[in-house]
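Here are my notes on this one, point by point. Have the model open while you read.

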Amino acid sequence: MKKLGLIVNPVAGVGGRVGLKGSDGFDVLRAALERGATREAPRRARLALERLARRCDDVDVVTWPGEMGEDEARAAGLEPRVLGSLDGRRSYVLCELERSGERPVIGCDDFVLTTPADTERAARDLAAAGVDLILFAGGDGTARNICHAVGDRVPVIGVPAGVKIHSAVYATTPAAAGDVAALYLQGHAGARLRESEVMDIDEEAFRENRVSAHLYGYMTVPYARGLTQSAKAGGVAGEERALNDIATEVIAGMQPGALYVLGPGTTTRAVMERLGLAKTLLGVDAVRDGELAGADLTESELLALVEAAPAAYIVVTVIGGQGHVLGRGNQQISPAVIRAAGPDHLIVIATQTKLLSLEGRPLLVDTGDPSLDEQLSGYARVITALGERTMYRVGA
Amino acid sequence: MTLSPDQLKSAAAEKVAGLAKLRRDGGVLRDYRAPRWDEPFIMEQGTPGERGILVPLAEDGVTAEVGAAADYIPEGMARAAAPELPEMAQYQVMRHYLRYAQMTLGMDLGSDISEGTCTMKYSPKMHEELIRGHKAADLHPWQDEDTLQGLLEIVYATGQYLKAISGMDAFTLQPGGGSHAVYTNAAVMRRYFEARGELDQRTEMITTIFSHPCDAATPMVAGFKVITVMPDENGYPDLEAFRAAVSEKTVGCMITNPEDTGIYNPQIDKYVEILHDAGALAFTDQANANGILGYARARDAGFDACHFNLHKTFSSPHGCEGPATGAYMCTEKLAPYLPVPVVTKDGDRYHLDYDRPDSIGRVRGFLGNWMGVIRAYAWIRNLGPEGLKEVAEISVLNNNYLDNLLMAVKGVSRPYAEGHRRLDQVRYSLEQLKEDTGVGTEALRDRMVDFGIQSYWMSHHPWVVPEPFTPEPCETYSKADLDEWAAVIKKCSEEAYTDPQFVLDSPHAQPIDQMRRTEAMEDPDQWAFTWRKYKRRFKDKA
């Protein structure tokens with residue numbers, strides 16, 4: 001019998017309905033409670049679990065106690081095996097309030113017993129218990145915690161429940177998360193695994209309307225191909241084949257002597273792999289004439305390389321679930337670097353599946369330099385396969 | 001509640017049987033159960049030495065006069081060992097294939113409204129008499145053109161009709177299918193620019209995501225790079241993206257109108273203008289021509305070339321029931337590059353003109369699939385110009401009637417161009433149904449066949465519309481057919497909302513169950529197209 005690990009971050013999404021742009025940290029939780037926030041993640045987790053339970057009745061659910069999963073599993077009619085313990089645990093908010101000698105906020109005593117450390121511990125316990133898949137309800141903070149704990153060792157699927165959803169590890173809706181989890185656990189051919197970005201932004205900066213997103217890592221995530229293409233379209237290139245095609249096309253177009261800056265991502269990694277080079281998955285590398293010209297480069301290192309090169313091209317791909325090609329997780333490729341290479345030397349690569357998953361939304365550039373963003377806006381000729389480009393809208 | 005497999009089976013049977021009652025009570029759904037034969041492969045049947053026909057040996061006198069038949073086989077052509085064929089009596093062979101045929105929802109048996117983008121219309125049986133009669137069937141491809149005048153007249157006349165329908169100047173009916181005609185266009189455009197010395201400069205062909213995939217695939221075969229334009233919010237190819245895609249590198253465009261969404265692009269001439277301003281060419285793939293016959297001519301929108309499928313639009317049977325015939329039409333400018341031979345007329349005589357130095361050469365042997373040409377000729381002659389327009393009118397009317405019924409079905413939506421009518425077909429989405437019930441388009445497709453109608457065409461790859469399906473109720477179908485088809489979709493939707501698992505487990509009334517191991521279809525290492533391969537790969541190992 002297949003084992004499903006379940007993690008609910010009850011705090012996730014608390015800040016969103018009350019306009020707090022995130023739910024990390026004690027002050028935000030307190031403010032959220034004061035503004036009458038309700039718990040979003042448990043409700044969404046239950047929707048996903050109900051769908052899962054309906055589609056797949058032979059699954060062994062393993063989770064943590066109470067609000068970290070046990071309650072939602074039972075509510076969805078599943079009998080979970082419960083690991084860990086929250087006995088004697090008191091409200092995190094209440095404890096913090098008491099510690100600082102402040103007045104308890106109404107509702108805080110039955111609210112938020114858990115911390116990010118619990119999420120990480122739960123993820124590690126579930127991995128140790130040999131679960132086949134972890135379904136979690138949360139946002140980018142939760143994804144980051146799980147990624148930190150188990151990396152890409154266990155496949156995960158996110159139920160989008162947080163305020164920040166920049167990572168690419170979530171299904172589109174709770175029901176879709178339940179569907180894809182069921183398909184994956186049943187070994188359905190339509191459900192495949194792929195590496196997806198885990199990103200998080202600095203919430204404090206975000207509240208000041210500055211976005212500073214970082215790429216924290218990759219997790220393996222099942223996806224239902226039926227969302228974007230037929231599971232029975234014979235001969236249709238798989239993800240791997242598509243990446244290989246793109247890599248071949250990029251390499252075929254490389255000019256002798258020119259420098260090629262490769263941003264982070266699995267699509268750009270395919271280019272490096274095809275050249276027989278190791279890619280810094282989370283960082284920016286550069287190649288020239290098929291040889292490595294620099295790995296994991298900082299902005300100033302990039303600038304020096306680009307300025308010294310007779311010609312330089314910047315190869316980027318879509319990072320995260322929002323469609324960003326610049327300004328999220330690849331900030332090393334700064335406005336100065338882009339200007340030095342020449343804005344028309346930007347090469348965007350992405351599989352057609354990735355473009356279609358944006359559902360018509362534009363690709364986004366957010367370099368921090370509005371006039372450059374403006375210049376980069378319009379239409380990009382995105383390399384999608386061997387000999388193929390897709391005209392795709394780019395917005396700032 | 002968990003039911004045992006037996007209980008599940010009888011529950012399913014009850015539901016299927018319940019439909020018969022619906023029909024008796026005045027409903028339109030029918031009780032249907034496909035025959036299920038546990039029929040082994042023919043290669044696994046037979047008895048050594050058994051024969052279907054016993055051919056008498058030649059009489060001694062004959063052999064004495066002309067020698068043994070085997071001596072006539074050229075050296076090196078004779079088999080060293082007898083072929084491994086099944087050894088069976090004639091009636092056993094007949095029985096075997098009839099059983100397979102019974103397990104198939106074949107042509108003329110069910111409703112083919114389901115097959116959007118395919119224009120599955122009724123192919124008049126009279127046409128089969130024409131092509132199977134001795135006048136046609138006994139022709140030999142190497143006959144001199146003087147003895148082929150009747151056939152050449154039909155080919156020539158059909159070409160003239162298609163020129164009139166499209167507004168073009170020249171034609172070839174040689175391609176053996178729609179995609180083949182589309183490939184012919186890529187090759188013609190290539191030759192055109194080669195002759196002008198611009199081939200090194202012009203390397204990019206433009207298409208749209210809702211055009212048929214052959215509009216992207218065939219230019220690649222012809223050596224071009226392909227640029228795909230996505231739809232704007234109205235479902236039309238994004239005009240600004242199109243403008244941005246066109247440059248001095250552009251060869252031309254290969255696009256469909258109406259696209260597979262059924263939305264006719266009223267600004268199509270603007271796209272053509274952008275291309276011509278850049279010195280590029282414009283081709284329109286008219287696989288979806290059924291809704292515009294007699295109403296919109298490719299030439300009037302400025303196109304330099306277009307094609308028709310004589311199978312589908314012009315009544316010749318589709319796909320493997322064909323064979324297919326692609327008609328390619330172009331303007332005078334591109335005519336020198338057409339495949340040879342071109343059928344020409346000089347006074348009362350018809351000729352096969354091979355003397356065309358700029359031609360791209362042959363794209364198919366002899367005259368191509370002329371059976372499709374004869375059927376199209378008969379069909380056009382039967383209908384006349386007004387009849388062709390009526391075909392377009394009825395198919396658009398049928399489509400919009402069906403649309404009204406389908407849009408009332410819970411979970412069905414019609415993305416793009418809200419408030420604009422579609423022409424010959426619609427690409428619907430079951431995204432809402434999937435979200436509400438977990439039943440997506442593949443599951444619904446597997447269930448609808450339980451009602452004795454053909455499973456629907458979902459979409460070409462890739463799926464831009466989520467959970468898509470694309471019916472095309474062309475002029476063949478009656479109101480009763482349309483009502484039945486919509487009722488099936490409605491019934492399946494209701495089942496999805498009340499008992500999604502029942503739909504997910506379907507089909508329940510078909511000879512085979514759901515294919516669970518679809519990954520094998522994408523893995524060439526698991527394919528076996530011949531018995532020998534199958535034995536080597538699977539049987540000998542077992």
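This is a predicted model: local features need pLDDT of at least 70, side-chain atom pairs count only at pLDDT 80 or more; totals for chains, interfaces and linings use all residues.

**Domain contacts and salt bridges**

1. On the domain 1 side, A:E195, A:L215 and A:Y218 supply 38% of the area buried against domain 2, more than any other three residues. The domains themselves run over 2-223 for domain 1 and 240-395 for domain 2.

2. Who touches whom? In residue terms, 16 from domain 1 of chain A are in contact with 17 from domain 2 of chain A. The rule finds 2 salt bridges across this interface, and it also finds 2 residue pairs in polar contact there. On the domain 1 side, the elements giving two or more residues are β6 (191-201) and β7 (213-224) of chain A. β7(A) has the largest share, with 6 residues. Sorted by class, that side has 8 nonpolar, 5 polar and 3 charged residues.

3. Leaving out residues up to four places away in sequence, A:A247 touches A:A270, A:V271 and A:R274. A:A385 is 138 residues from A:A247 in sequence, yet their C-alpha atoms are 8.3 Å apart.

4. Over all chains, the structure holds 46 salt bridges. One of them pairs B:D169 with B:R299 at 3.0 Å, N to O. This pair links distant parts of the chain, 130 residues apart: B:D169 is in the loop between α6 (149-166) and β1 (170-172) of chain B, and B:R299 is in the loop between β5 (281-285) and β6 (305-309) of chain B. B:D169 is partly exposed at 27% relative accessible area, and B:R299 is partly exposed at 31%.

5. B:R447 and B:E495 form another salt bridge, with the closest N and O atoms 2.7 Å apart. B:R447 lies in helix α13 (residues 441-448) of chain B and B:E495 in helix α14 (residues 479-498) of chain B, so the pair ties together parts 48 residues apart in sequence. Both B:R447 and B:E495 are buried.

6. Within helix α14 of chain B, B:D483 and B:K479 are 4 residues apart, about one turn of the helix. Their salt bridge has its closest N and O atoms at 2.9 Å. B:D483 counts as buried, at 18% relative accessibility.

Key:
Residues are numbered from 1 along each chain as its sequence is written. Chains are lettered from A and ligands numbered from 1 in the order in which they are written. Side-chain values use heavy atoms; hydrogens and water are left out. Domain bounds come from an automatic or database domain assignment. Contact means heavy atoms within 4.5 Å. Buried area is the accessible area (1.4 Å probe) that two parts lose on being put together, summed over both. A salt bridge is a side-chain nitrogen of Lys or Arg within 4 Å of a carboxyl oxygen of Asp or Glu. A polar contact is a pair of N or O atoms within 3.5 Å; within protein, one must be able to donate a hydrogen and the other to accept it, and residues adjacent in sequence count only if both atoms are side-chain atoms. Ala, Val, Leu, Ile, Met, Phe, Trp, Tyr, Cys and Pro count as nonpolar, Asp, Glu, Lys and Arg as charged, and the others, Gly among them, as polar. Buried means under 20% relative accessible area, exposed over 50%, partly exposed in between (1.4 Å probe, protein chains only).
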